[in-house]
Structures are given as C-alpha cells and as structure tokens.
There are 2 protein chains.
Amino acid sequence: MSIKEILKPSKILHLRSLLRIESNDDRFLGPGRIELLEKIIETGSISQAAKLMGMSYKKAWDLINSINKHTNTPIVMTQTGGERGGGTIVTEDGKQLIIAFKKLHNDFEIYLSEKLETFLQS
Amino acid sequence: MSIKEILKPSKILHLRSLLRIESNDDRFLGPGRIELLEKIIETGSISQAAKLMGMSYKKAWDLINSINKHTNTPIVMTQTGGERGGGTIVTEDGKQLIIAFKKLHNDFEIYLSEKLETFLQS
C-alpha cells in the first residue's frame, strides 16, 4: 500500500519548508531579508523599506548589520549628502546575492513539489 | 565574482530548513511528530513517550489526534486490558509513514548540502 492510500483522499498535502542560510554564529539570508533588500532597492530608503514590511527601523538595521557582517564589503550602504541628498543603496554584490538566493529558493520549491509526489507514491 | 568570494572566508555557511508536511487545514508530519511516533514504538506508552520528549501527555495526544485525522485508519492505537494490560501501538501504516518520512528527510539533507555548494559557486 502506498502512502497515498494510507491517507484520507480529502487531505491535500504539501511540503512546507522555509529556506534559510545561516553561519556559525548568526543567520545570514532568508526570504524576509531578501525582501528587505529588494524593498531598499525599490525605495532607496531603509526607513521606507522597513515601513513597507511592517518592521521597525531598528529591526531593519539589525538585519542589515547581520547581513553585512558576513560579507567582505557591506551589501547595504548609506550615502549622506550629495546631489540627491543621500539615500541607501544595495551594492552589486548584494544584487548578485539576491539573484543567487532567489534561484536557490525557486529550485527548492520545484524540488519540494517533486519530492512530495515521490513520498506519496512510496 | 562568485558568492563565495563575496563572503568573508571566516563565515562557514549552512542551509537550514525544517521539513514539514501540511494539509489544507493542519500540520500532518514533521521531525517532532516522527520522533514522538518512534518513542511510542520504543516504550509502548504515550505518557512515557511524552515524558522522554519533555512534552505534556495532552500535547502528545493533540499531536497524535492531528496525525490520525489525516489517515484512513488511526496510526496510533491504544489497547485497554488484555494479557499485557493494554498499551499503545503504532500500526503498520504508521511504520510505513515513518520510513517514508525519514527517507524524504534524508534525501532533503543531501539536497541541501549539494545546493549550498551550487549557491556558493554561483
């Protein structure tokens, strides 16, 4: 008898998993931090990005500091003054990180749906 | 530049993810529930299994009821009286579920370590 036959037909199953990259002593990247970086790119502002995500400015900075701690050069940089009156940018390295994480996450979602089928047929 | 080069060499990364099977309206199986089922097999007792896991008897029953709700026949069954004075068993279907979940989880761990390498090289 397969797992599928053990289960009630009315129960539609899905595999749930949140993917996160951690280091020896801290979190590094996960879907929430990626979203924060994307919102900083969109708005050019940490406070606006934080507001869009319903988090405090302090919390956003904590997350950014935690990310920056892992990289040779900061991923998020604030510029003060200048023609545009400052603002915050995500560096090219940061954009590469976003792309790599989203690829990882996308592959992961596909893997999970395939694996669920294997599980049900087993 | 690869992701590996963006990162500080001192930071050893790992992918963290907890795998869980959910249904439309509830959780179904995850590492904690699998451990509970295994401890019930070992001890033949829900109260002893709960104690080994540091959870209340009520909590253990809640988890068991939640699992049983998903299957055509209960996975955990209590027997009262009889020669051995009752006890709790995990059915053959339940044992098949444990094996299938552990296979899934093991494959998943291998996948994660492979994917981390891909991520770092990207």
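Guide: Axes are lines fitted to C-alpha atoms, for helices over the stretch in contact, and angles run from 0 to 180 degrees between N-to-C directions. Helices (H or I, at least four residues) and strands (E, at least two) are DSSP runs, numbered from the N terminus. This is a predicted model: local features need pLDDT of at least 70, side-chain atom pairs count only at pLDDT 80 or more, and totals for chains, interfaces and linings use all residues. Residues are numbered from 1 along each chain as its sequence is written, while chains are lettered from A and ligands numbered from 1 in the order in which they are written.

Visitor: What makes H2(A) oblique to H5(A)?

Guide: Take helix H2 (residues 31-43) and helix H5 (residues 92-121) of chain A: their axes come within 11 Å and cross at roughly 140°. That angle makes H2(A) oblique to H5(A). Under 35 degrees would be roughly parallel, over 145 roughly antiparallel, 65 to 115 roughly perpendicular, and the rest is oblique.

Visitor: Which hand does the crossing of H2(A) and H5(A) have?

Guide: H2(A) passes H5(A) in a left-handed crossing. The term means that the near helix is turned anticlockwise from the far one by less than a right angle; clockwise would be right-handed.

Visitor: Which residues make the contact between H2(A) and H5(A)?

Guide: From H2(A) come Pro31(A), Ile34(A), Leu37(A) and Glu38(A). H5(A) brings Gly94(A), Ile98(A), Phe101(A), Lys102(A) and His105(A). Contact means C-beta atoms, placed from the backbone, within 7 Å. Five of these residues are nonpolar, two polar and two charged. (Ala, Val, Leu, Ile, Met, Phe, Trp, Tyr, Cys and Pro count as nonpolar; Asp, Glu, Lys and Arg as charged; the others, Gly among them, as polar.)

Visitor: How do H2 and H5 of chain B cross?

Guide: Their axes come within 11 Å and cross at roughly 140°. That makes H2(B) oblique to H5(B). The crossing of H2(B) with H5(B) is left-handed.

Visitor: How do you know which surface the copies meet through?

Guide: They meet through the same surface, because 100% of the interface residues of chain A are also interface residues in chain B. In contact are 32 residues of chain A and 33 residues of chain B. On the chain A side, H1 (3-6), E1 (14-16), E2 (20-22) and H5 each supply at least two residues. H5(A) gives the largest share, nine residues. By class, the chain A side has 15 nonpolar, nine polar and eight charged residues.

Visitor: Why are E3(A) and E1(B) called the edges of their sheet?

Guide: The open sheet has three strands in the order E3(A)-E2(A)-E1(B), with antiparallel pairing. E3 (27-29) of chain A and E1 of chain B each have a single partner strand, so one side of each lacks a neighbour in the sheet. The twist averages 45° from one strand to the next.

Visitor: What makes E2(A) and E1(B) a pair?

Guide: Strands pair if DSSP finds at least two bridges between them. E2(A) and E1(B) have three, in the antiparallel sense. Arg20(A) stands opposite Arg16(B), and Glu22(A) has His14(B) as its bridge partner.

Notes:
Two residues are in contact if their C-beta atoms, placed from the backbone, lie within 7 Å.
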